[in-house]
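Trainee: May we examine this structure together, one question at a time?

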Amino acid sequence: MAPRPAWKGYLKLSLVTCAVELTNVVTHAEKVSFHVINRRTGNRVKRIYVDAETGKPVEDEDEIKGYEVENGDYVHIEDDEIEAVQVESSNMLALDGFVDKASIQQIYLDTPYYLSPADKVSEDAFAVIREAMAAKKKAGLARIVLYRRERPVVIEPLGKGMVLTTLRYDSTVRQPDTVFDEIKAVKIDKEMIELAQHIIDKKATKFDPSGFDDKYEEALIELIRAKKAGRKAPKAKAASKPSNVVNLFDALKKSLAADNDAEAAPVKATRASSKKAPEPKAKPKRKSA
């Protein structure tokens with residue numbers, strides 16, 4: 001089943017326009033989620049709004065959004081009034097500038113979405129815009145109203161489609177110097193940097209997201225299985241504490257030596273296992289249910 005689009009509208013480059021839709025890149029469907037339960041009855045707990053003054057529950061039809069203009073004085077805003085607020089970016093992604101993606105600092109990148117043509121008629125125009133951007137190695141800047149907020153975005157080609165990433169406003173981003181200015185400059189031995197570089201070279205690899213395991217999620221699932229089976233919760237393994245580094249140079253040398261030993265271990269194992277291993281016994285066939 002195709003995922004439901006998060007937004008539908010149009011992509012515009014000058015006078016060229018095509019219908020497009022956004023799809024969430026990230027899914028949380030398979031993550032462990034918990035309900036709040038009444039410990040005494042075993043029933044689920046329901047959250048309800050109550051009047052802050054009277055303490056009485058408020059029915060859905062009596063709820064309304066309010067903007068506080070003074071202490072305790074609110075302007076009432078209806079949902080349909082908010083829906084009626086429209087600007088160009090409510091349904092139009094107008095590409096009004098192009099940049100090198102690398103020029104956008106990582107601290108400004110927020111949430112990615114897949115951008116694709118919304119119908120067959122739009123596929124040609126979409127492909128022209130995508131291929132032109134790919135040929136120039138440029139990413140497009142635009143704005144979008146998403147979840148009742150206008151956000152700046154960057155759009156770049158990806159395979160047959162494109163990726164749109166929402167950007168954070170400069171006013172919401174804490175600049176690095178406000179945090180890093182307190183870090184004191186230190187004089188570092190050149191040989192220590194070279195040792196650290198050797199360790200990095202030894203650990204060089206290719207990015208493979210399929211190799212990332214959510215250990216915390218696995219531990220939660222194991223806890224649920226144990227409780228369901230009537231067993232005690234698994235004992236938590238104490239996190240190993242890092243040793244105090246007394247001599248940084250020695251620690252770097254030991255780290256490099258440990259990596260070299262780990263790299264050599266599979267070679268020894270291969271030589272030791274050069275003799276033909278016995279054939280594994282065939283597993284018994286399962287009886288059909």
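Trainee: Over how many bridges do strands S7 and S10 pair?

Mentor: This is a predicted model in which local features need pLDDT of at least 70 and side-chain atom pairs count only at pLDDT 80 or more, while totals for chains, interfaces and linings use all residues. Residues are numbered from 1 along each chain as its sequence is written, and side-chain values use heavy atoms, with hydrogens and water left out. Strands are DSSP runs (E, at least two residues; helices are H or I, at least four), numbered from the N terminus, and two of them pair if DSSP finds at least two bridges between them. Tyr114 stands opposite Val163 in S10, and the antiparallel pairing of S7 (residues 109-117) with S10 runs over five bridges.

Trainee: Which residue in the turn between S9 and S10 has a positive phi?

Mentor: S9 (residues 149-158) pairs with S10 in the antiparallel sense over six bridges, and Pro157 has Met162 as its bridge partner. The two strands form a hairpin with two residues between them. The residue with a positive phi, about 60°, is Gly159.

Trainee: How many of the residues of S10 (residues 161-167) are buried?

Mentor: Buried means under 20% relative accessible area, exposed over 50%, and partly exposed in between (1.4 Å probe, protein chains only). One side of S10 presents Gly161, Val163, Thr165 and Leu167, the other Met162, Leu164 and Thr166, and all are buried. S10 is therefore largely enclosed by the rest of the structure, the buried count being seven of the seven.

Trainee: Which residues are exposed on the other side of H2?

Mentor: In H2 (residues 123-136), Ala125, Phe126, Ile129, Arg130 and Met133 are buried. On the other side, the exposed residues are Asp124, Val128 and Ala135.

Conventions: The expected span of a helix is 1.5 Å times one less than its number of residues.
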